[in-house]
Every structure is written in structure tokens, then in C-alpha cells.
Amino acid sequence: MSAFPPLSLRPVLQEVASLLKNNQQTISIAETAAGGIISAALLSIPGASTFYRGGLTIYTLESRVAFAGWTQDNVKAYKGPTPEVVAGMATHVRGQLDSTFTLCESGIAGPTGSTARWTRTPGYVALAVASKDGVVTRDVSTGSDDREANMVAFAEAGLVFLRDVLKGDVSIPVGKL
């Protein structure tokens, strides 16, 4: 058996794919610290083309200017990942890829984080799910500075959050953009 997707992602991944397929909904992804794991995991599902609209790994600030709707003002004001940052990127990418939902994550995988410039420490990730109605966010902290483990944990947290939205366990407030 292949080691990809990571075993910890497989149950929630199958659930997300089934929910998207059964509801004829689509997803796009904007990732930073997860490094493309969420998109790759979704694409490992047979039939992903029915629900996956596209994804971006926007790890650098320059890539956010090029692909996520950022301006130089956003770059100058950036103080690390926050719910507001991921909400804006999710909303922008959803509009660009015309998906039902966009999941965005931005975090500090570790082993270090620039606490002098940023207000977050390794193991922190901000998540957002955007739809045409609005956007909802969630913060997660693993408490770890293990980079590889955090990347997978961030992907899992994002997929769990997306699943919760798709199931209706988390509501997207209408008009909150």
C-alpha cells in the first residue's frame, strides 16, 4: 500500500470527497504551510475532476501578490498568518476559480517562527472556508514544532474544517466576506 495520502488524512478525505460529489459541489484550495498536501490528497481520489477546481501553493508573499489578490500594502502590513489573512485569500481564490467552496490555510510549520515580526509560533494554522455567501474561519494549534508533522496536521485540520462546513456542523455567516 502506498504511503500517500498520509493515513491520518484518509478517513476525512473520503468523507469530504463523498460530500462534494453527492452534493455536486466543487472545491478549490489555497495552501501555504501545508505545501500542497491538501490538493495532492484530494487529487488522489478517483473522480477528483468532478469536484476539484484547482489549487494554489502560495507559500511566499510574492506568490500571494501574483495569485491571491494581494497588493504591496498587504505585504507591508503582513504580521504572520491570521484568520483575516486566510479569509481574504479564500474569498479571492474562490472567485477566481468559480468553485462552490475554497479552503485556505496559512500557518507556521516550524521548527522556528519569526516571533520578532510575527505574532504566531510554530504549530499554529489559520483556516478559512469561503462560499458565495461568506467565509468562516478557525484557528488550530498543534503545540509542536515538528515541520513535517505540522504540515500533515494542518492538512488534516483543514479537511476536518471543510467536512464540518459541508455537513452543516459549521455555518458560513451570510455576508461575512
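Residues are numbered from 1 along each chain as its sequence is written, and side-chain values use heavy atoms, with hydrogens and water left out. Because the model is predicted, local features need pLDDT of at least 70 and side-chain atom pairs count only at pLDDT 80 or more, whereas totals for chains, interfaces and linings use all residues.

Secondary structure elements are DSSP runs numbered from the N terminus, namely helices (H or I, at least four residues) and strands (E, at least two). Two packed helices are described by the angle between their axes and the distance between the axes. For helix α1 (residues 10-22) and helix α6 (residues 147-167), the axes come within 9 Å and cross at roughly 35°. Axes here are lines fitted to C-alpha atoms, for helices over the stretch in contact, and angles run from 0 to 180 degrees between N-to-C directions. The crossing of α1 past α6 is left-handed, a term that applies if the near helix is turned anticlockwise from the far one by less than a right angle (right-handed if clockwise). On the α1 side, the contact (heavy atoms within 4.5 Å) is made by Val12, Leu13, Glu15, Val16, Leu19 and Leu20. The α6 side contributes Leu159, Val160, Leu162, Arg163, Leu166 and Lys167. By class, nine residues of this contact are nonpolar, none is polar and three are charged. In this scheme Ala, Val, Leu, Ile, Met, Phe, Trp, Tyr, Cys and Pro count as nonpolar, Asp, Glu, Lys and Arg as charged, and the others, Gly among them, as polar.

Glutamine 14 also lies in helix α1 and is partly exposed, with a relative accessible area of 45%. Throughout, buried means under 20% relative accessible area, exposed over 50%, and partly exposed in between (1.4 Å probe, protein chains only). The C-alpha atoms of glutamine 14 and alanine 153 are separated by 17 Å, with the two residues 139 apart along the chain.

In soluble globular proteins, nonpolar side chains tend to be buried together. A nonpolar core is taken as a set of buried Ala, Val, Leu, Ile, Met, Phe, Trp, Tyr and Cys residues joined through side-chain atoms within 4.5 Å. The largest such core has 36 residues, of which Ile27, Ile38, Leu42, Phe51, Val129 and Val165 touch the most other members. At least two residues of this core come from each of α1, β1 (27-31), α2 (37-43), β3 (101-107), β4 (124-131) and α6. Helix α6 gives the most, with eight residues. Not counting residues up to four places away in sequence, the contacts of isoleucine 27 include Leu20, Leu42, Phe51, Phe101, Leu103 and Leu162. Isoleucine 27 also touches Tyr52, Arg53, Gly54, Ser99 and Thr102. Another core, of 19 residues, lies apart from the largest one and has Val75, Ala87, Ala128 and Val135 among its members.

Side chains of opposite charge can pair when their charged atoms come close. The structure holds six salt bridges, each defined as a side-chain nitrogen of Lys or Arg within 4 Å of a carboxyl oxygen of Asp or Glu. Lysine 132 is bridged to aspartate 133, the closest N and O atoms being 3.2 Å apart. Lysine 132 is exposed at 64% relative accessibility, while aspartate 133 is partly exposed at 34%. Aspartate 164 and arginine 163 meet at 3.0 Å, N to O, and both residues are buried. For aspartate 169 and lysine 167 the N to O value is 4.0 Å; aspartate 169 is exposed, with a relative accessible area of 54%, and lysine 167 is partly exposed at 43%. A network of salt bridges links Glu15, Arg138, Arg163, Asp164, Lys167 and Asp169.

Most residues other than glycine have a negative phi, and most peptide bonds are trans. The peptide bond from phenylalanine 4 to proline 5 is cis, with omega near -5°, and proline 5 lies in the segment before α1. A cis bond also joins glycine 110 to proline 111, with omega near 5°; proline 111 is placed in the loop between β3 and β4. Glutamine 24, not a glycine, has a positive phi of about 50°. This glutamine 24 is found in the loop between α1 and β1 and is exposed at 73% relative accessibility. Aspartate 98 has a positive phi near 50°, lies in the loop between α5 (83-97) and β3, and is exposed, with a relative accessible area of 54%.
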